[in-house]
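Please open the model in the viewer, with the sequence panel beside it.

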Amino acid sequence: MTYSYRFRLLLAVAIFSAVAGAQNITRPDPTDPAHPFNTPAPVAHPAGNAQFSEWRQQALAALFLAGPKPELAPRDFGTFQAMPGVVAHRVTYGTQFGMRVPAIVYRPERAPGKLPAVIVVAGHGGDKSTWYEVYAGLLYASAGAVVVTFDPIGEGERNAEHLHDARAHDTVLPGATSPARLGGLMIGDVSQAVSYALSLPEVDPDRVAVLGYSMGSFHAALAAGLDPRIHFLVLSGGGDLDGNGGSMDTNTKIMCQGGPYQALSFLPDKGAILYALHQRAGETLGEILVLNGGEDRLVAVSHHGPSFFTDLNARVAALTGAAQPPMETRFYAGVGHRPSWVNRDAAAWLNARLLFPDWRGKSIDSLGETHIGAWAAATGAHINHGYETEKSEAGVQAVGSNFPAPATAQLVAVPEPEWTAHQDLYTWQGWARRTLQAEGLSDPVPTPPKPR
């Protein structure tokens with residue numbers, strides 16, 4: 001750990017310690033209508049290492065993630081110049097059931113010393129060709145990081161028809177534990193991306209960050225609680241993990257969110273416990289930034305606004321019993337559902353922690369700014385249907401300027417002959433067939449609906 005990072009961390013801990021001591025872990029009144037969910041009283045005593053270890057192992061088992069991680073066996077299918085100074089690698093690596101994850105990994109052309117790693121986790125319908133995955137890859141690789149973007153199951157090259165915004169993973173699969181298995185796969189895929197990044201000799205294991213948007217914020221948050229190698233977490237359009245019977249448990253996306261979260265209902269205060277597990281991620285302490293829109297209808301803002309996170313932070317502090325930096329939050333007035341982790345707030349927060357080598361001595365303001373709606377119109381970058389509005393994704397003001405947008409064909413990781421010969425190792429249908437077998441069921445694999 002560098003001296004500057006250690007000094008910054010100790011300063012943050014000291015400040016939070018003073019604030020926490022002054023507040024004596026106060027929290028809002030749980031009977032207040034602003035808190036209809038997620039209001040268990042804080043624990044009477046902090047949990048010890050043994051309790052946290054037990055909770056982590058129980059959660060891993062509930063999501064079918066216990067045991068050794070899947071073998072990576074990475075393969076590289078070539079590179080292309082994504083922009084001056086940034087090279088993109090077409091790779092695959094292993095995941096559950098011996099299947100493969102197609103990824104585009106953005107890396108700086110020159111690597112002077114150890115580099116941070118950034119893992120990008122897509123929202124519903126997103127994949128490695130969606131604008132925010134591409135932009136984050138270009139932005140943070142140009143800053144000097146290794147950036148891993150990958151297709152979630154059922155999207156892009158993990159879709160039987162190479163469809164985008166397909167949402168095949170929402171298809172309900174027979175079997176009592178199928179939702180927990182799918183959630184476990186998607187959370188495990190975040191960890192597999194971390195494993196791939198850490199397999200690269202130039203990556204610094206103490207500087208690993210995960211960025212999650214919408215559905216991806218859910219998977220990223222759970223992955224960070226269950227994988228201590230993740231030190232920094234930036235969530236947008238989400239992060240509001242509540243308790244048993246709350247909005248996350250009743251999420252209509254049963255397979256990828258509601259069902260997996262219900263599988264963790266043995267945890268007495270699961271949102272706080274999962275974040276507490278992340279905050280105890282090694283000597284660097286896990287840190288979290290949440291960036292949400294003040295008018296985000298997909299996040300229950302009326303109930304999950306600033307006071308929700310104040311309450312959540314108090315419960316996490318009561319669990320850890322340690323003076324650790326609280327989760328930081330930003331709520332943007334007039335903003336809806338969008339991935340804000342390419343804006344100035346996110347870039348500055350990440351730079352303070354990851355120490356991007358190519359941003360040393362530079363101010364964030366000097367890097368320029370790009371309006372994503374105009375950029376997408378000029379470059380052909382893909383914004384998913386329904387999010388092309390100014391209040392949503394098109395209105396993002398991203399750090400950086402004059403970035404290109406690779407064509408969708410450039411972002412295909414696996415050569416067609418290779419994919420055709422082994423498509424069962426990539427697609428949702430291949431995973432569903434293996435899951436039904438694991439469940440002991442002979443039901444046919446359902447046909448996912450066509451994209452909207």
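This is a predicted model: local features need pLDDT of at least 70, side-chain atom pairs count only at pLDDT 80 or more; totals for chains, interfaces and linings use all residues.

**First stop: a hairpin.** Select E1 and E2, which form a hairpin with two residues between them; in the turn, Gly85 has a positive phi of about 90°. Helices (H or I, at least four residues) and strands (E, at least two) are DSSP runs, numbered from the N terminus. E1 and E2 pair in the antiparallel sense over six bridges, where pairing requires that DSSP find at least two bridges between two strands. Within this pair, Arg75 stands opposite Thr92 in E2.

Residues are numbered from 1 along each chain as its sequence is written, and side-chain values use heavy atoms, with hydrogens and water left out.

**The whole chain.** Of its 452 residues, 58% count as buried; buried means under 20% relative accessible area, exposed over 50%, and partly exposed in between (1.4 Å probe, protein chains only). Among the contacts (heavy atoms within 4.5 Å) with a separation of 6 or more, 75% are made by residues 24 or more positions apart.

**The sheet.** Next, display the open sheet of nine strands, whose order is E1-E2-E3-E5-E4-E6-E7-E8-E9 with mixed pairing. Its edge strands, each pairing on one side only, are E1 (75–83) and E9 (328–332). On average, neighbouring strands of this sheet are turned by 20° against each other, direction ignored. Now select E7 (residues 232–236) and E8 (residues 287–293), which pair in the parallel sense over five bridges. The bridge partner of Leu233 in E8 is Ile288.

Axes are lines fitted to C-alpha atoms, for helices over the stretch in contact, and angles run from 0 to 180 degrees between N-to-C directions.

Select Ser214, in the loop between E6 and helix H5 (215–226). Is Ser214 buried or exposed? Ser214 has a relative accessible area of 15% and is therefore buried. Leaving aside neighbours within four places in sequence, Ser214 is in contact with Gly123, Ser236, Gly237 and His337.

**Helix H6 and its cover.** Select H6 (residues 254–262): seven of its nine residues are buried, so the helix is largely enclosed by the rest of the structure. The buried residues are Met255, Cys256, Gln257, Gly258, Gly259, Pro260 and Tyr261. Their cover includes H4, H5 and helix H7 (270–279).

At what angle do H4 and H6 pack? The angle is about 105°, with the axes 7 Å apart. H4 and H6 are therefore roughly perpendicular to each other, a label given to angles of 65 to 115 degrees (under 35 is roughly parallel, over 145 roughly antiparallel, and the rest oblique). To show the contact, select Ser178, Pro179, Ala180, Leu182, Gly183 and Met186 of H4 together with Ile254, Met255, Cys256, Gly259 and Pro260 of H6. By class, this contact has eight nonpolar, three polar and no charged residues. Here Ala, Val, Leu, Ile, Met, Phe, Trp, Tyr, Cys and Pro count as nonpolar, Asp, Glu, Lys and Arg as charged, and the others, Gly among them, as polar.

**Two residues with positive phi.** Go to Phe97, in the loop between E2 and E3. Phe97 is not a glycine, yet has a positive phi of about 60°; its relative accessible area of 33% makes it partly exposed. Then select Asn402, in the loop between strand E11 (397–399) and helix H11 (416–421). Asn402 also has a positive phi of about 60° without being a glycine, and is exposed at a relative accessible area of 74%.

**Last stop: Arg433.** Finally, select Arg433 in helix H12 (residues 428–438). At 32% relative accessibility, Arg433 counts as partly exposed. Leaving aside neighbours within four places in sequence, Arg433 is in contact with Asp424 and Val445. A polar contact of 2.4 Å joins the side chains of Arg433 and Asp424; the term denotes a pair of N or O atoms within 3.5 Å, and within protein one must be able to donate a hydrogen and the other to accept it, residues adjacent in sequence counting only if both atoms are side-chain atoms. The C-alpha atoms of Arg433 and Asp443, 10 residues apart along the chain, are separated by 9.0 Å.
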